[in-house]
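Trainee: Can we go through this one together? I'd like to begin with the aromatic rings and then move to the sheet.

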Amino acid sequence: MAGAESWAWLGSALASFIFLWSVVERQLPASLTHRLAAWAERLFSHLSPYLEITISEHGAERFNRSDIFLAAEAYLSAACARRARKLKAELRKGSKSLQVSVGRVTDDFGGATSPRRSQGRGVTARNRQRRLFTNGPGRGGSKGGGWSHVAFEHPATFDTLAMDPGRKQEIVDDLEMFRDGKEYYAKVGKAWKRGYLLFGPPGTGKSTMIAAMANYLGYDVYDLELTAVTSNTELRKLFIETTGKSIIVIEDIDCSADLSGKRDKAKKRPEKKPGDDDDRPKLPMEPENDDGSKVTLSGLLNFIDGLWSACGGERIIVFTTNHKEELDQALIRRGRMDKHIEMSYCCFEAFKVLAKNYLDITEHELFGEIRCLLEETEMSPADVAENLMPVSKKKMTDTSACLAGLVEALKKAKEEAAAKAKAKEEAEAAAEVGNGKEPDEIK
């Protein structure tokens with residue numbers, strides 16, 4: 001009872017003090033009031049064990065919220081939301097879900113280390129809706145169309161990617177080293193970027209690989225359409241407008257522009273003059289009729305590995321191609337395309353991933369026959385997946401029927417490949433006979 005009376009007395013005393021101070025404050029000069037408030041704040045700062053840190057919401061960029069503010073807000077919201085009694089809910093632009101955060105909060109950062117600071121970054125990445133960008137065609141002469149975007153919602157992950165598990169783990173390890181390698185890249189003097197060349201036949205999962213990489217890292221994707229870029233200058237501007245934590249993709253680069261860099265053997269080379277020590281064939285770095293409206297090989301090389309490529313950081317550049325041999329080696333050498341990943345035909349390990357994805361099975365009596373057929377037949381993962389899909393509602397639960405359909409498709413592909421090989425041999429034999437060789441001379 002005495003304790004309750006003490007608390008009541010303290011509350012009454014505080015209320016009286018606040019009332020009296022409000023009366024006295026109105027009678028004092030403004031300068032004296034400000035001075036007393038400053039003294040009181042200084043006194044409390046000496047007595048308080050806390051350090052107050054103010055983080056500007058917009059920072060140097062007046063119209064964009066600063067990254068450090070967003071990271072701190074995400075961290076404090078995650079750390080303090082359970083204790084807070086006043087929360088703020090909003091649906092922010094670019095977010096995929098309702099964001100609940102704490103308004104004004106204080107948090108004890110004593111002993112905070114890098115893993116705790118990175119928590120805010122992780123929360124922000126999980127909450128942010130990632131985006132898929134594309135560049136539009138140039139408008140108004142040489143002016144480009146810039147980037148536009150939609151929500152990136154591709155569901156591919158490394159768990160569902162049809163590939164040998166060992167090779168997948170190798171790629172995941174490489175991505176993690178890049179993501180966590182900011183200090184290392186600065187130490188060795190390299191721009192914080194990494195290039196991946198995905199090559200292989202159509203339907204082998206190159207685009208799916210890119211989606212899995214983006215989902216694993218939480219990066220945005222910039223799908224660069226070279227045919228819509230009017231000049232090297234516009235290409236450079238597009239690169240500058242990309243953000244960190246992004247994957248810049250040029251798909252089917254062998255078809256996007258004339259970037260093969262093949263030597264022009266039809267033209268006569270000028271005679272070598274005394275003092276000329278460069279006897280190497282020249283790349284057609286610029287088009288013959290260069291009117292400043294096309295992307296050139298030199299422009300693309302500067303895009304991926306020039307001085308401008310070091311602007312910003314944490315960017316991955318991905319090229320895809322069905323014909324690696326047609327690309328100029330200057331474009332895909334190590335340092336530009338650091339890691340070459342072959343996307344090959346479906347192997348048995350990749351098939352098991354697809355069987356799990358599409359049929360939710362890990363074993364079946366037809367697996368042995370399918371293994372043998374896959375070793376003898378070239379079929380892309382996309383074709384295997386298509387044959388595993390049920391053809392009707394009635395067969396959605398009939399896994400045996402789906403696997404039997406795949407077996408028939410593999411047998412048919414094997415027969416067609418054998419027939420094609422035989423026809424090719426006969427054509428080559430006929431050509432040899434036409435060149436004057438006797439049939440018994442043909443091996």
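Mentor: A definition comes first: rings of Phe, Tyr and Trp (its six-membered ring) pair if their centres lie within 6.5 Å, with planes under 30 degrees apart counted as stacked, over 60 as edge-to-face and the rest as tilted. By that rule, ring pairs join Phe178, Tyr184, Tyr185 and Trp192 into a cluster. This is a predicted model, where local features need pLDDT of at least 70, side-chain atom pairs count only at pLDDT 80 or more, and totals for chains, interfaces and linings use all residues. Residues are numbered from 1 along each chain as its sequence is written, and side-chain values use heavy atoms, with hydrogens and water left out.

Trainee: How many aromatic pairs are there by this rule?

Mentor: The count comes to 10. In one of them, the ring centres of phenylalanine 158 and tyrosine 216 are 5.9 Å apart and the planes are at 85°, so the pair is edge-to-face.

Trainee: Which parts does that pair tie together?

Mentor: Phenylalanine 158 is in the loop between β4 and α5 (165–179), and tyrosine 216 is in helix α7 (residues 206–217), so parts 58 residues apart in sequence are tied together. Helices (H or I, at least four residues) and strands (E, at least two) are DSSP runs, numbered from the N terminus.

Trainee: Phenylalanine 158, buried or exposed?

Mentor: Buried, at 9% relative accessibility. The cut-offs are under 20% relative accessible area for buried and over 50% for exposed, with partly exposed in between (1.4 Å probe, protein chains only). Tyrosine 216 is partly exposed at 33%.

Trainee: And what about phenylalanine 348 and phenylalanine 367?

Mentor: Their ring centres are 6.2 Å apart and their planes are at 85°, so that pair is edge-to-face. Phenylalanine 348 is in helix α12 (residues 348–359) and phenylalanine 367 in helix α13 (residues 367–376), 19 residues apart. Phenylalanine 348 is buried at 11%, and phenylalanine 367 is buried at 5%.

Trainee: Switching to the sheet. What is the strand order?

Mentor: The order is β4-β3-β6-β7-β8-β5-β9, an open sheet of 7 strands with mixed pairing. β4 (147–151) and β9 (339–342) are at the edges with a single partner strand each, so one side of each has no neighbour in the sheet. Two strands pair if DSSP finds at least two bridges between them.

Trainee: How many bridges do β3 and β4 pair over?

Mentor: Strand β3 (residues 131–135) pairs with β4 over 5 bridges, in the antiparallel sense. Threonine 134 is opposite serine 148 in β4.
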